[in-house]
Amino acid sequence: MSNLIRGISENGGVVFCGVDSTAIVRTAEKLHTTSATCSAALGRLLTGVSLMGAMLKDDGDSITLRVSGGGPAGVVIACTDAHGNVKGCIDHPLVELPAKENGHLDVGGAVGKDGVLTVIRDNKLQKEPTVGQVPLVSGEIAEDITSYYAYSEQIPTVCALGVLVDKDLSIACAGGYLLQLLPGATDAEITRLEQNIAAMPSVTELLRAGKTPQDMMELAMAGFDPQVLDTREVKYRCDCSKERTKDMLLSLGRKELVKLRDEDPKCEVVCHFCHTKYEFDLNELLAETTPEEK
């Protein structure tokens, strides 16, 4: 079942990407046993990075978002491939804060806003990743992603993200959309889009009412005759493996492996993103290295 849609206005001046990320955020909550506020923080970042990933052009590309705001939840990280499949983690998943006056979860308080959003774009055609960084606007995630596009990429962007957490900490719904203006948009088009967005209910209200990402697109782009480019299914997907973990250990070099072996020949590595545990015998790994290696 597809849960992400990409679309474009009839005149090609506005692009849209929307996702129902409920299943993704439910998986993240189960893996990381997050509090309500941390579920919202990590869930919003996973949703945002999935939208950004789906707009990548080349299959081998990827994006990592890192939010470091100095708040009690610590650093929040989310990664996507070029399809929109994601993984993520949060330093302190059990942090909880009182709700804000409007009853909403205090994501900005948990994440903090005294810091930066770092965007790492890995392009298979480039040797080094491209790193962009902007000061956090609010720590509420959507505004920070909007700010990144405005300042680092000079692309006028609307980003809306939402995660609704039930009283039992389960994820009721989650989703979001990115809307971008391409060069050449007229003032009248910009005004119409602003009016459309202002009139829209929140993402979680739309999802609770049974609306789909396509419904979001039609509301946001009313008057622009939006055309569907493609739809796809995106998931929480960790790409860790025993082989990759072994390569990571071998990359430490013989000298470091000897130090680790001397402390304990049995080594356990736990993936931050899915908590899979990999066990290695360091004596066996050392047998694969040559004594001359430093």
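In the predicted model, Asn-196 is part of helix H5, which covers residues 187–199. With a relative accessibility of 9%, Asn-196 falls under the 20% limit and is therefore classed as buried. A polar atom of the Asn-196 side chain is placed 3.0 Å from the backbone oxygen of Ala-222. Ala-222 is also among the residues that Asn-196 touches once those up to four places away in sequence are set aside; the others are Leu-219, Ala-220, Met-221 and Phe-224.

Thr-212 is found in the loop that joins H6 to helix H7 (213–220). The relative accessible area of Thr-212 is 35%, a value between the limits of 20% and 50%, and this residue therefore counts as partly exposed. Although Thr-212 and Leu-4 are 208 residues apart along the chain, a distance of 9.2 Å separates their C-alpha atoms.

An open sheet is built from five strands, arranged in the order S5-S4-S3-S6-S7 with antiparallel pairing. Helix H4, formed by residues 142–152, lies across S3, strand S6 (116–122) and S7. The direction of H4 makes an angle of about 115° with that of S7.

Helix H4 also takes part in the lining of the largest pocket, to which it supplies at least two residues. The volume of this pocket is about 710 Å³. The lining consists of 25 residues, and those closest to the centre of the pocket are Arg-44, His-104, Leu-161, Gly-162 and Ser-202. Besides H4, the elements that each supply at least two lining residues are helix H2 (36–54), strand S8 (157–165) and helix H6 (203–208). Strand S8 makes the greatest contribution to the lining of the largest pocket, giving eight residues.

Conventions
Residues are numbered from 1 along each chain as its sequence is written. This is a predicted model: local features need pLDDT of at least 70, side-chain atom pairs count only at pLDDT 80 or more; totals for chains, interfaces and linings use all residues. Side-chain values use heavy atoms; hydrogens and water are left out. Two strands pair if DSSP finds at least two bridges between them. Helices (H or I, at least four residues) and strands (E, at least two) are DSSP runs, numbered from the N terminus. Contact means heavy atoms within 4.5 Å. Axes are lines fitted to C-alpha atoms, for helices over the stretch in contact, and angles run from 0 to 180 degrees between N-to-C directions. Buried means under 20% relative accessible area, exposed over 50%, partly exposed in between (1.4 Å probe, protein chains only). A polar contact is a pair of N or O atoms within 3.5 Å; within protein, one must be able to donate a hydrogen and the other to accept it, and residues adjacent in sequence count only if both atoms are side-chain atoms. On a 1 Å grid over the protein atoms alone, a cavity is a set of points where a 1.4 Å probe fits but cannot get out, and a pocket is an open set with protein on both sides within 12 Å along at least five of seven lines; lining residues have an atom within 4 Å of a point. Grid points are joined across faces, edges and corners, and a volume is the space filled by probe spheres set on the points.
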